[in-house]
2 protein chains.
Amino acid sequence: MFMPKENILIVDDEDDVLELVRYNLEKEGYAVQTAVCGEEALTKARAKLPDLIILDLMLPGIDGLSVCKKLKEDTKTQNIPVIMLTAKSEDSDIVSGLELGADDYVTKPFSPKVLIARVRRAFQRSVVRDLNNAIVKVREMTIDPSRREVIIKNKPIELTFTEFNILYTLAKRPGQVFTRYQIVDAIHGEDYLVTDRAIDVQIVSLRKKLGSYEKNIETVRGVGYRLKD
Amino acid sequence: MFMPKENILIVDDEDDVLELVRYNLEKEGYAVQTAVCGEEALTKARAKLPDLIILDLMLPGIDGLSVCKKLKEDTKTQNIPVIMLTAKSEDSDIVSGLELGADDYVTKPFSPKVLIARVRRAFQRSVVRDLNNAIVKVREMTIDPSRREVIIKNKPIELTFTEFNILYTLAKRPGQVFTRYQIVDAIHGEDYLVTDRAIDVQIVSLRKKLGSYEKNIETVRGVGYRLKD
DNA sequence: ATATAATGCTAACAATATATTAACATAATT
DNA sequence: AATTATGTTAATATATTGTTAGCATTATAT
């Protein structure tokens, strides 16, 4: 019944900031790690693969922007969302930070509430991203992520969260084969551990709900699944 | 607090400007969101559908004019009024901005009073405001925001401030799914910190008051809520 | 200005829906 | 025919939502 909490790496050379942030995030139930310079940040990011990094831009040694850039270059760490901490004056940094792939920024001084709101938001984003995505049509099937609705021949089909996500993942690239783990990654992010059978089970119930349309989800033996083009 | 707050997106790369504008608009009771570059502006505009956009023309990356153009091309965002911020010298920009569909402009440096006056004016004449204040009817339910009144089968229903805002938010786009945090954002602006359960509690009491109509508020498991279309 | 009431929030727990595993069956490939 | 991959089912684990109660805050009335 316990949820393994998200791991957050905070990078700041000021001890006050570090402890303030740590205190507030731990109170929220997050697991917190800290680093006081760019080198430490990169090492820990690679070693522990946190779920989120809060990164001050003013750092001794390697500065925050370079850290951000390096994180986004490394395939291991590039998908970890980064929230930047910046001083008021550094707007140009905000811009380049966002361009470098940072996900959000908070200007100092900040209130803990704002930071927590941003952290939550960062974790929420994957669902929201889908909600704003385009409607996909394949033959007589329409998939509308903003309504979370699938319509086949004018009949709405009720799908669960995962079923919908699988179908939408496949439908965005009809004809392309996805391995089981590509599918899982697309839905739960990397290193989400399930057995192959788990995906098969979802495919089964998905096919069931699609009725006569089930044959559009093709099994590619030895590889995975795809939606018929 | 009687009316639902209008949501304003401010786009500027200068932090001082952003915060100055944010401060003044929030003092006026508007809900504020911000973006520091063109990409962020477009993303947020599409995701949150603000009621008004204040757009600086000098932006890194995609410039303000292009942002404005793209906004006016997209049916989702084209009715959102845009107020441009321009430096004195850029008269030609003002012209092309207005041609591209911007609704008004303010030249920098500006006084907060002037900006607020323009914002008010924009809302007074905007289609969005009409839409915003429009009476929404879904089946036998009528929601009148100007009277803060909900009528179901000719019977008035009394709702609290938040209950009303949630219902109205959902009812403006029937069928569309809103995450809990999209709902909170629409009502309180970003960075308003509540737990998921807080929204659920509101939904519960809302459903209770809607009586037999409660089933029109649908739970979309794993995502959020929507009003039946 | 103070008391009273209404509202909104959190926290804890209950109820429900969904996802996953494990075990086995079936089908395809060699 | 043997082997391997996939399909299926049911039990179980996990995650999400519903609900209640109590507290804090804000609005309203006295």
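**Close-up views of a predicted model**

**View 1. An antiparallel pairing in chain B.** Strand β10(B) and strand β12 (residues 224-227) of chain B run antiparallel and are joined by two bridges. The model shown here, and in every view that follows, is predicted. Look for Thr179(B), which stands opposite Gly224(B) in β12(B).

**View 2. Two hairpins in a row in chain A.** Here strand β6 (residues 136-138) of chain A meets strand β7 (residues 141-144) of chain A, and the two pair in the antiparallel sense over three bridges. A handy landmark is Lys137(A), which stands opposite Thr142(A) in β7(A). Two residues lie between the strands of this hairpin, where Arg139(A) takes a positive phi near 50°. Follow β7(A) onward and you meet its pairing with strand β8 (residues 149-152) of chain A, antiparallel again and joined by four bridges. In this pairing Ile143(A) stands opposite Val150(A) in β8(A). The hairpin of β7(A) and β8(A) has four residues between the strands, and Arg148(A) takes a positive phi near 55°. As a reminder for both of these sheet views, strands of a sheet pair through backbone hydrogen bonds, either parallel or antiparallel.

**View 3. Inside the largest nonpolar core.** Which of the 67 residues in the largest nonpolar core touch the most other members? They are Ile54 and Leu55 of chain A, together with Ile54 and Leu55 of chain B. In soluble globular proteins, nonpolar side chains tend to be buried together.

**View 4. Where chain A meets chain B.** In this close-up, 22 residues of chain A are in contact with 22 residues of chain B. On the chain A side, α4 (91-99) and α5 (112-131) each supply at least two residues. Which of the elements gives the most to this side? That is α5(A), with nine residues. By class, the side of chain A that touches chain B has 10 nonpolar, five polar and seven charged residues.

**View 5. The protein surface near DNA strand D.** Of the 19 residues around DNA strand D, those that come nearest are Asp200(A), Val204(A) and Thr219(A), along with Asp200(B) and Thr219(B). The elements that give two or more residues to this surface are α8 (196-210) of chain A and α9 (196-210) of chain B. Sorted by class, the surface near DNA strand D has nine nonpolar, four polar and six charged residues.

**View 6. Chain A on its own, for orientation.** Chain A holds eight helices and 12 strands. Its C-alpha trace spans about 60 × 35 × 30 Å along the principal axes. Of the 229 residues of chain A, 32% count as buried. Among contacts in chain A with a separation of 6 or more, 54% come from residues 24 or more positions apart.

Methods:
Residues numbered from 1 in each chain as written. Chains lettered and ligands numbered in written order. Predicted model: local features only at pLDDT ≥ 70, side-chain atom pairs only at ≥ 80, totals over all residues. Core = buried A, V, L, I, M, F, W, Y, C linked by C-beta atoms within 7 Å. Buried ≥ 20, exposed ≤ 12 C-beta atoms within 10 Å, placed from the backbone. Contact = placed C-beta atoms within 7 Å. Nonpolar A, V, L, I, M, F, W, Y, C, P; charged D, E, K, R; others polar. Near = placed C-beta within 6 Å. Pairing = 2+ DSSP bridges.
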